[in-house]
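These are my notebook entries on one structure, written for a reader who is new to it. I set down what I looked up, entry by entry.

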Amino acid sequence: MRTVKVSAAVVGAVVAAGAVSLAVGRYASGAALKAPAGRPLPTEPRLTVHATQAGRITLTRDLASLRRGTYGITGHGTHAVVGPVLDSAEHTADTVVRRLERVTHGTLTPGEAVRLTPNVHLGDPRTALGLDFADVEVPGENGLLPAWFVPGQRDTWVIAVHGLGATREQSLNVLRALHALRLPVLALSYRGDPGAPAPPDGINHLGETEWRDVDAAIRWAVGHGAERVVLLGWSTGATMALRAAQHSPLADRVAGLILDSPVLDWESTLRALARARHLPRPLLPLAVRAAQGRAGLRPGRAAGAAGSGPPEVPAPTLIIHGPGDTVAPWLHSRRLADRRPDLVALHTVPGAPHAAMWNADPEEYEERLRRFLVPLM
């Protein structure tokens with residue numbers, strides 16, 4: 001009888017420990033898998049607004065606030081655009097002064113906490129850029145997906161897919177350059193975005209299921225006159241584009257891929273997101289395992305790969321990525337380019353954060369797009 005009691009106690013302890021582990025794993029994985037659309041990633045540090053004056057903003061001195069280029073900054077109900085660092089402007093040792101290009105929404109006040117964001121524009125193609133467009137709905141497997149369609153004269157279309165922490169407004173950074181090439185553009189909202197169906201389980205799958213929304217966009221584009229499509233994606237949007245090019249029944253219509261900061265190694269990205277949300281270090285391995293299980297990600301496999309090693313590339317590909325990316329390591333893009341130099345060109349952008357390659361040098365970025373796209377038109 002005593003043996004039975006001891007065994008029951010052991011079983012009970014194991015079950016309780018398992019329940020605690022499951023709960024902790026679910027909490028930890030949520031830190032990695034929940035990236036609300038339209039909010040800067042937690043990997044971006046908070047900066048304090050110290051002062052503003054005509055054409056200038058003083059921010060906390062940080063590696064982020066010292067980045068070259070043009071960025072959005074967003075706070076509580078506020079959005080503005082900042083340009084380059086003004087080295088000649090007076091400032092204290094713990095601050096930096098940048099050019100303040102414009103305040104898009106709200107009012108910047110001293111003491112406000114802000115984060116840099118790749119999104120320079122708010123609104124839609126007409127309000128932000130003066131471009132004619134149509135609001136369209138793409139039939140997806142979970143419901144209708146809102147999208148912007150900007151018309152053009154070519155029969156090669158660009159399908160633009162935003163990434164983690166962003167919305168289709170991310171595509172506004174490059175829409176004017178694409179429009180100048182007379183390319184029709186379909187800027188997609190996908191599951192989990194405002195106005196789009198929610199994922200059935202409420203979490204981000206880092207492209208593992210979301211790519212089917214890109215497949216739906218390809219079908220819509222072909223059904224509305226596209227002969228070929230180029231898939232342009234940022235972050236997990238780049239992962240979705242790669243997956244769609246590999247697995248879509250219309251993959252033969254994909255003329256090319258443009259992958260900005262692609263997530264090619266899920267474990268690194270899951271770990272970075274969980275760490276940025278201040279998950280205790282001992283819980284990081286549990287967070288990664290639990291997140292992989294919840295999202296259906298196979299451990300040890302690169303995103304979109306048929307097996308181990310770099311993923312297969314089915315079409316001419318331009319990767320734009322930076323060694324400073326702490327969310328999606330640049331090394332995996334480098335390996336992919338080295339593996340397939342016949343199909344993959346890698347443009348490296350030093351000093352740029354995740355999915356902000358355009359922001360670091362807009363003119364160079366758009367010239368790279370032009371050189372890649374012209375032969376595919």
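I count a salt bridge where a side-chain nitrogen of Lys or Arg lies within 4 Å of a carboxyl oxygen of Asp or Glu. The model is predicted, so I note that local features need pLDDT of at least 70, that side-chain atom pairs count only at pLDDT 80 or more, and that totals for chains, interfaces and linings use all residues. Residues are numbered from 1 along each chain as its sequence is written, and side-chain values use heavy atoms, with hydrogens and water left out.

**Entry 1: the chain as a whole**

I found ten helices and 14 strands in the chain; helices (H or I, at least four residues) and strands (E, at least two) are DSSP runs numbered from the N terminus. Of the 377 residues, 52% are buried. Buried means under 20% relative accessible area, exposed over 50%, and partly exposed in between, with a 1.4 Å probe and protein chains only. I also looked at contacts, meaning heavy atoms within 4.5 Å. Among contacts with a separation of 6 or more, 74% join residues 24 or more positions apart.

**Entry 2: salt bridges**

Side chains of opposite charge can pair when their charged atoms come close.

In one of these bridges, arginine 191 pairs with aspartate 213, and the closest N and O atoms are 2.9 Å apart. Arginine 191 sits in the loop between strand S10 (185-188) and H4, and aspartate 213 in helix H4, 22 residues apart. Are these two residues buried or exposed? I found both arginine 191 and aspartate 213 buried.

Arginine 212 forms a salt bridge with glutamate 141, with 3.0 Å between the closest N and O atoms. This pair links distant parts of the chain, 71 residues apart: arginine 212 is in helix H4 (residues 211-223), and glutamate 141 is in the loop between strand S7 (134-140) and strand S8 (143-150). Arginine 212 is partly exposed, at a relative accessible area of 31%, and glutamate 141 is also partly exposed, at 48%.

A further salt bridge joins the side chains of arginine 243 and glutamate 208, at 3.4 Å from N to O. Arginine 243 belongs to helix H5 (residues 236-247), while glutamate 208 lies in the loop between S10 and H4, 35 residues apart. Both arginine 243 and glutamate 208 are buried. Which residues do shared partners join into one network? I noted Glu141, Arg191, Arg212 and Asp213.

**Entry 3: the sheet**

I traced an open sheet of eight strands with mixed pairing, in the order S7-S8-S10-S9-S11-S12-S13-S14. Its edge strands are S7 and strand S14 (344-348), each pairing on one side only. Two strands pair if DSSP finds at least two bridges between them. Strand S11 (residues 228-234) and strand S12 (residues 254-260) run parallel and are joined by six bridges. Within this pairing, valine 230 has glycine 256 in S12 as its bridge partner.

**Entry 4: histidine 162**

I located histidine 162 in the loop between strand S9 (156-161) and helix H3 (172-180). Histidine 162 counts as buried because its relative accessibility is 3%. The C-alpha atoms of histidine 162 and glycine 233 are separated by 5.9 Å, although the two residues are 71 apart along the chain.
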